[in-house]
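Work through the exercises below with the structure in view. Each task is followed by a solution in steps.

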Amino acid sequence: SDRGATQGEPPAGFTRPRTRTDPHPGGPRSPAMIAPLATIALLATAFASGARAEAVHGAFVHGVASGDPTHDSVVIWTRVTPTGRDPGETDPDPNVSFDVRWRVATTPPTSAAVDPDARPVAEGSRVPMAPGSTVFGWSDSSKVARAGIATARAERDWTVKVDVAGLSHGVRYWYAFDVVDTSGGSKTRASDFPPMTRERRSETGTFELPPPKGVAYPRDHGPLRAAVFSCANWGWGYFHAYDAAARGWGGVDEVDSVAEDSRRLHAWFHLGDYYYEYGQTHYPNADESVPERWRSLDPSSETVTLDDYRRRHRLYRSDPGLQRLHASAPVVAMWDDHEIANNPWMNGAEDHQAWEGDFKTRARAAIRAYHEWLPTREPGGSNGDSSEDDSDS
């Protein structure tokens, strides 16, 4: 699509970019025009350090996830992607942050189009919806078991991760995120904001927690379903196995659906090589790979720096099948070698060359990006910037 188009409606989830049309083509601006423009530029510079979500809009384009479940807690995750700037400008501003409300409830949220003539909104859609196009949330606040406000910041690549405690095992929960604004100071709790929102929001995830160690599942619970994965390489093809697991191993025909309750996963395990660090030159190379996947590899070179690893995570998490699986059940994840580099040891790796810099610096960058992008409990308890309401909403 043409982001600079001036006709028609902007794509869902994005604001219309400002036009670059010169009202005086072919001639210089007069001093009378330059002065106001200079004033505007100075004001823009003055406000840049305090820029927030009003200046750059946030879109939930990488889905949601839950992970590391215990009998009474789970980690939930999402990412707010800064977007909405003009082509050619720096996007995003490093000072932009987003206030993100998270809610965990015992019933699914409701979602409906505000305009009855608009295209129907399928719950669970990964298309970021434009503010005002849908009303979404839990109108009955008694169904919200836990809620709070988190902050998406550049330091963590705008990822949000919350360790939600005080939950019950054997209960199915649903969770979602939406962008709010606490900058005025009068609203600092999740319950201070309306239960139904028209602002940008994530898709909905679901999970059920296991019983405590040594406690059996009830006899009427039904079978437990888990899936095990490893070694997912973008270039070799689409992640159909992820998609099939999320949809009950082929039991659901609708493209955007997850499995019904009797066929859904209770957990899934990833045993490592969640992604591969290789560039486009090998494993796979252009002749071996699915062409469109090979062309879209980002970065196209091997991942070495923190920015490289973050970009590779962003790419993998754009896959619809992986997004659907993460939304369908909690993951218990561990890394192998390719999360850092092929065949590593204490001070190096088979695939790490001297010109790529210090290996330990590379390893720290890879591990940092891994924890930013997966719903894991981090060493030392660092799970992002979040606060929880004092009592159930």
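**Exercise 1.** Are glutamate 356 and arginine 362 buried or exposed?

Solution. The model is a predicted one. In this model glutamate 356 is buried, and arginine 362 is buried as well. Next, look at their side chains: they meet in a salt bridge, at 3.3 Å from N to O.

**Exercise 2.** Find which parts of the chain are tied together by the pair of glutamate 378 and arginine 156.

Solution. Start with the contact: the two side chains form a salt bridge with an N to O distance of 2.7 Å. Then place each partner. Glutamate 378 sits in the loop between helix 6 (359-373) and strand 18 (385-388), and arginine 156 in the loop between strand 8 (144-152) and strand 9 (159-164), so the pair ties together parts 222 residues apart in sequence. Last, check burial. The cut-off for buried is under 20% relative accessible area. Glutamate 378, at 14%, is therefore buried, and arginine 156 counts as buried because its relative accessibility is 17%.

**Exercise 3.** Describe the salt bridge between arginine 103 and aspartate 178.

Solution. The side chains meet at 3.5 Å, N to O. Arginine 103 belongs to strand 5 (residues 98-105) and aspartate 178 to strand 10 (residues 172-180), so the pair links distant parts of the chain, 75 residues apart. Both arginine 103 and aspartate 178 are buried.

**Exercise 4.** How many salt bridges does the structure hold, and how many helices and strands are in the chain?

Solution. The structure holds 17 salt bridges. The chain has six helices and 18 strands. Of its 393 residues, 46% count as buried.

Definitions and conventions
Residues are numbered from 1 along each chain as its sequence is written. This is a predicted model: local features need pLDDT of at least 70, side-chain atom pairs count only at pLDDT 80 or more; totals for chains, interfaces and linings use all residues. Side-chain values use heavy atoms; hydrogens and water are left out. Helices (H or I, at least four residues) and strands (E, at least two) are DSSP runs, numbered from the N terminus. Buried means under 20% relative accessible area, exposed over 50%, partly exposed in between (1.4 Å probe, protein chains only). A salt bridge is a side-chain nitrogen of Lys or Arg within 4 Å of a carboxyl oxygen of Asp or Glu.
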